[in-house]
Amino acid sequence: MMKTYLMGEYDVIVIGAGHAGCEAALAAARLGSRTLIFSTNLEAVAMMPCNPSIGGTGKGHLVREIDALGGEMGVNIDKTFIQSRMLNTGKGPAVHSLRAQADKARYHAEMKRVLERQENLDLKQDEVTDLIVEDGVCKGVITRIHAEYRARAVIICTGTFLRGKIFIGDGVFASGPNGLAPANELSSHLADYGLSLRRFKTGTPARALATTFDYDKMVEQKGDPVITPFSFLNDELQREQVSCWLTYTNEATHDVIRANFSRSALFGGQIEGIGPRYCPSIEDKVHRFPDKLRHQLFVEPEGLDTEEMYIQGMSSSLPEDVQRDFYHTIPGLEHIRITRPAYAIEYDCIDPLQLKPNLEVRAVKGLFAAGQFNGSSGYEEAAAQGLMAGINAHLAINGKEPFVLGRDEAYIGVLIDDLVTKGTNEPYRIMTSRAEFRLLLRQDNADERLTEKGYALGLVTEERYRKFLAKKELVAAELARLGQTRLSPEAVNPLLEEKGSTPVKSGVTLQELLRRPELSYADLAPVDPGRPELPFHAVSEIEVSVKYEGYIEKQRQQVEKQKKLENRRIPTEIDYNDVSGLRIEARQKLEMIRPASLGQASRISGVSPADINVLTVYLEKQRRAGKSKGLADRGEASGKPSPEKEETC
């Protein structure tokens, strides 16, 4: 065994400083744990090796929730975005999703500065090559230069660096994302400690110089005229925005790709890792959807101080000469000069079924995991897990109960429950369709759902909490005022006729008017001169609360029914081999995952409703037997007093 030297002792150590690592380290440090975060290269802190954006469908919800709990991602993107758009505005409010194009260099620089200035947090460039595990408990890490750092908890946030391998045609080489060095040693040691690893794959499109695009052949995509902040700390933001551009592939593009399928690393068999079904490479799209005549592409700037443009929707593992040829068939891209070719990257990760709901590794006490190491994809999914892992590492070393969010409380709860209960066979991506109660889990009310919890943890600052309470009071007062303010037909009918809404014949409240689909809160301003000045987040929440009151109440009732299963706890010491009537597959899955409740057990793949019924009956019998035994032990089963009671009578 190599000789090491002790370099420091900490409460929490975080391995990796990507989006998961940053949130994990900041959460632990802000809660009071002395924290150390490692990055193989400090230029990789909060790096955006793929799309230079934050948010999007489902993902925007996660960012708002991270912010409501006191995390950093929403604050950082509000500082560094160059375009902001609200997606899905033509649909219901449950799926409205904010997305912001980032200046990726500034995003990295701002997050690095936050880490550097954070009290209780040290940032260090080095590669962690091994863990220190003693008697099944993680006690620290060892680095490439044989330095030893002791800790009471360790969080793995390695992203795509573990045994990273890049594929560009038949060019295959060891590398982390964006040309950085991979981390090749840690994987083998993780297997020694009982962690089962597997290979996943993701990819990124080419970058090309902005001056070489023909913008007249593409459709301009501007940002929203009124900017919606990600962070609840910001009421409004003013910033000059840059444009993105829309174009499409065509049959000529597809012909070039089809003619070179044999040169793709994906189809050539070099890639063993499993890629994301919801974000396939362009050659995979052409192969899987042969009848589709075109595929949508977005050309997006990577920052204000660079000429590089990101071609979203066109990741590939084809050789660079083929990439050049197919890009040049696309309107607006005929003469682009590529600065960085597209590539696929393969990496090690774990099966998240090896994790507890608090993101602690079952096989090693004190070892936590977050981000792409857990089989997820995306900056936002990673950051959400990092935040929760940082919180729970701090709670664990201080002997406190884990902090676990339910599926009815947050998209973060849906994300983590999906991973640790259902597992994933491909890089996991959050989507609004994954949430059963998505009308309750809207972007606009993330602070209502989570800020109290963040404050109770100690992660939400007094400034944020006071701002939240003030907004909460404003919303409550305005909802009451809308319900009490009644207007005459003469006052409102001119407005209703102007908006194409049915006139009224008798008095009507502002709340009743706002329930009309064709009317917004802003539309009512001409007939409501007494309205108060409200921040954007408050207006959004008020409008949705009024318009969807009935649907929201239905979902709340569904949540109450679901909670009955969630509240039926399963003893940690249960032996599933004792539960007669369980199918073999169900017994194996239950034994492996060790669900905390019947609700969690019901979501395990391979556990049927019949298995849940068997388990419910078994637990009820155990409860009654335990109660009867307890009564007998106290001398109460036959109504006789216990000896202790006789002595005290």
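1. A salt bridge is taken here as a side-chain nitrogen of Lys or Arg within 4 Å of a carboxyl oxygen of Asp or Glu, and a search of the whole structure on that basis returns 53 salt bridges. The model is predicted, so local features need pLDDT of at least 70 and side-chain atom pairs count only at pLDDT 80 or more, while totals for chains, interfaces and linings use all residues. Residues are numbered from 1 along each chain as its sequence is written, and side-chain values use heavy atoms, with hydrogens and water left out.

2. Arg199 and Glu346 join their side chains in a salt bridge at 3.0 Å, N to O. Because Arg199 belongs to strand E12 (residues 197-204) and Glu346 to strand E19 (residues 343-350), the pair ties together parts 147 residues apart in sequence; strands are DSSP runs of at least two residues and helices (H or I) of at least four, numbered from the N terminus. Arg199 is buried at 10% relative accessibility, and Glu346 is buried at 0%, where buried means under 20% relative accessible area, exposed over 50% and partly exposed in between (1.4 Å probe, protein chains only).

3. Within helix H8 (residues 282-288), Arg288 and Asp284 are four residues apart, about one helical turn, and their side chains form a salt bridge at 3.4 Å, N to O. Arg288 is partly exposed at 36%, whereas Asp284 is buried at 17%.

4. Lys471 and Glu541 form a salt bridge whose closest N and O atoms are 2.7 Å apart. Lys471 lies in helix H13 (residues 462-484) and Glu541 in helix H16 (residues 536-547), so this pair ties together parts 70 residues apart in sequence; both residues, Lys471 and Glu541, are buried.

5. A network of salt bridges links Arg407, Asp417, Asp418, Lys422, Glu436, Glu566 and Arg603.
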